[in-house]
Amino acid sequence: MPDADDVRTIALALPEVTEKIAWSMPTFRVAGKMFATMPEEETSIAVRCPKVERDELVLAEPKKFWIADHEAGFAWVRVRLAALDDGDELRDILTDSWRQAAPGRLLDAHPELGPPGPTD
């Protein structure tokens with residue numbers, strides 16, 4: 001089961017990522033744009049996710065994904081770390097969120113991280 005240390009290790013390994021405490025929790029940013037946070041006593045993460053995909057994720061896997069009330073109007077989804085299959089799944093989720101926040105120059109410079117996901 002991935003934990004907060006895994007989140008930090010994976011997120012900070014992505015290009016140009018910094019960690020910053022905001023709202024009393026760790027947040028991860030690329031080029032100044034937030035792409036992940038660790039609320040809920042670091043037992044979950046919040047990541048960028050287009051609303052259409054987010055709603056599909058929550059319906060398909062409600063034990064893994066949910067939408068916090070205060071984030072319902074935004075393109076973010078919560079992920080329970082204990083419900084993830086492994087570190088590879090966590091890496092995929094964080095990388096997808098990073099792609100949504102990263103500027104084009106980073107996406108172009110790192111094609112190995114895959115094409116950008118749709119944005120909301």
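Two residues are in contact, or touch, when heavy atoms of each lie within 4.5 Å. The structure described here is a predicted model, in which local features need pLDDT of at least 70 and side-chain atom pairs count only at pLDDT 80 or more, whereas totals for chains, interfaces and linings use all residues. Residues are numbered from 1 along each chain as its sequence is written, and side-chain values use heavy atoms, with hydrogens and water left out.

The protein contains four helices and six strands; helices (H or I, at least four residues) and strands (E, at least two) are DSSP runs numbered from the N terminus. Read from the N terminus, the order of these elements is α-β-β-β-β-α-β-β-α-α. The radius of gyration, taken over C-alpha atoms, is 13 Å, close to the 14 Å that the globule rule gives for 120 residues, so the protein is as compact as a globular protein of that length. That rule is 2.2 Å times the number of residues to the power 0.38. The C-alpha trace spans about 35 × 30 × 25 Å along its principal axes. Of the contacts with a separation of 6 or more, 47% are between residues 24 or more positions apart.

Buried residues (under 20% relative accessible area, with a 1.4 Å probe and protein chains only) make up 47% of the 120 residues. One of them is T37, in strand β3 (residues 33-37), with a relative accessible area of 7%. Leaving aside residues up to four places away in sequence, T37 touches M25, P26, T27, S44, I45 and A46.

P2, in the segment before α1, is also buried, at 4% relative accessibility. With residues up to four places away in sequence not counted, P2 touches L81, L84, D86, G87 and L90.

The packing of two helices can now be considered. Two packed helices are described by the angle between their axes and the distance between the axes. Helix α1 (residues 4-13) and helix α3 (residues 87-101) pack at an angle of about 50°, with axes 10 Å apart. Axes are lines fitted to C-alpha atoms over the stretch in contact, and angles run from 0 to 180 degrees between N-to-C directions.

Conventions. Buried < 20%, exposed > 50% of the residue type's maximum accessible area, 1.4 Å probe, protein only.
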